[in-house]
Amino acid sequence: MSHRDGIAIMLLNAPRKNVVRLARAGAVFLVAALVICAAATPSLSEGGLAPHLSTNPGPANTLGGQSSADYWRQIRQGQSFTLVNPQMGPPVLVQSEGQDWRIFRNETIKRYGGYLILAMLAATILFAALRGRVRIEGGRSGRTIPRFSQTERTIHWFVAAVFIMLGVSGLVLLFGRTILVPVIGKTAHGALASAMLQGHNLLGPLFIIGILAMAVVYFKDNLPRSADIAWFFKGGPLFKWHVPSWKYNAGEKIWFWSAVIGGIALSGSGILMEFPWLAQNLQQLQLATIVHGIAATIVIGFAVGHIYLGTIGVEGALEGMTQGQVDENWAQEHHHLWADAASDGPSAASETAPAE
Ligand code: HEM
């Protein structure tokens, strides 16, 4: 082979070698790129914070198309991860309880809470239909005795007013999407719900002050006494006979304790929801929303019955809370033990009633 042929062959071979070199370089580049991409785009990192996440998250800020079946399987098996995407704000803890919580909050509490409130409404209507208005049977005597002091009445109406506003706004937040959206549409509901949320957050702290004051002021007369058992066995207000009771009968005491215990649960869980940084972890916040929903529906359910009995249900009851005085016959018929002691002076009726 001549020198010239050698050069010719070299020239001929040159492109092939270049192609091979190019292919090798390309393969190395591809592998390097894959490794870099894999390292730079972990969507979830175990226990710690991942540096980067999908810029196109799926519904409810999930990973959408970039989710990894393995990660989700591990999450369902109890493993938790922290999900980070600067565009989505602070890191989000992803754990299986999140989905359980969502179902419990959005379906179970809504459904059974709704049933409970409707059941209390139905029971109140049934009671009203069967028993009718509970009249003062002996008629009004024309003489009155003091029942509630100015302080007791102020606290009661303060709590009642705040509770009703919180109850209405809370019900809009819980059931609005189901009940109101089909009626008023998404835009109007969005504006309403946002206003209700502001009002709810603003009134919450006032309710806490009110319910604590109520707990202190009404506590002593709501302690259980043996007369309460007899009141239950004799059917409370269901029948026309009068069952003797002290300042509050057993039904009222149950209402008091439900309002106070429910109110404290609502207050504690509400504080955590309003100031989430006070919670130690996400599970605490999830628990708070569940406790809040359950306590709210129970107390609202009881409140329906209380408001009926306090207004039209029992003749002569409302004036005790508006004017502070009740008719003597009303007192004798509903709170005989208290009324007898009251005739010896208010302190005998309320504070130093003899032990049974
Ligand atoms: C419009 C709403 C309300 C009305 C008309 C109303 C009416 C009344 C009336 C008339 C009484 C006196 C009963 C008696 O003399 O034995 C009373 C007592 C009471 N109310 Fe209300 N109330 C309302 C809302 C509320 C709310 C929202 C709460 C608590 C969250 C509440 C808690 C109480 C308590 C604790 C008592 C004293 C009974 C006891 O301690 O067992 N009330 N209410």
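**Ligand shell and iron site**

His156 is buried, at a relative accessible area of 13%, whereas His306 is partly exposed, at 32% (buried, under 20%; exposed, over 50%; partly exposed, in between; 1.4 Å probe, protein chains only). The model is predicted, so local features need pLDDT of at least 70 and side-chain atom pairs pLDDT 80 or more, while totals for chains, interfaces and linings use all residues. Residues are numbered from 1 along each chain as its sequence is written, and side-chain values use heavy atoms, without hydrogens and water.

His156 and His306 are the protein donors of the iron atom of the ligand, each through NE2 at 2.0 Å (donors are N, O and S atoms within 2.8 Å of the metal, or 3.2 Å for Na, K and Ca). The arrangement is octahedral because the six donor atoms subtend angles of 87 to 180 degrees (six donors, opposite ones over 155 degrees apart and all others between 65 and 115). His156 belongs to helix 4 and His306 to helix 8, so the pair ties together parts 150 residues apart in sequence (helices are DSSP runs of H or I, at least four residues, numbered from the N terminus).

Among the 25 residues around the ligand, Arg147, His156, Asn222, Glu252 and His306 come nearest (a heavy atom within 4 Å). Polar contacts (N or O pairs within 3.5 Å) include a side-chain atom of Glu252 at 2.3 Å from a ligand oxygen and one of Arg147 at 2.7 Å from a ligand oxygen. Helix 4 gives the most to the shell, with six residues.

Definitions and conventions
A polar contact is a pair of N or O atoms within 3.5 Å; within protein, one must be able to donate a hydrogen and the other to accept it, and residues adjacent in sequence count only if both atoms are side-chain atoms. Helices (H or I, at least four residues) and strands (E, at least two) are DSSP runs, numbered from the N terminus. Four donors count as tetrahedral if all angles lie between 85 and 135 degrees; four count as square planar and six as octahedral if opposite donors are over 155 degrees apart and all others between 65 and 115; anything else is irregular.
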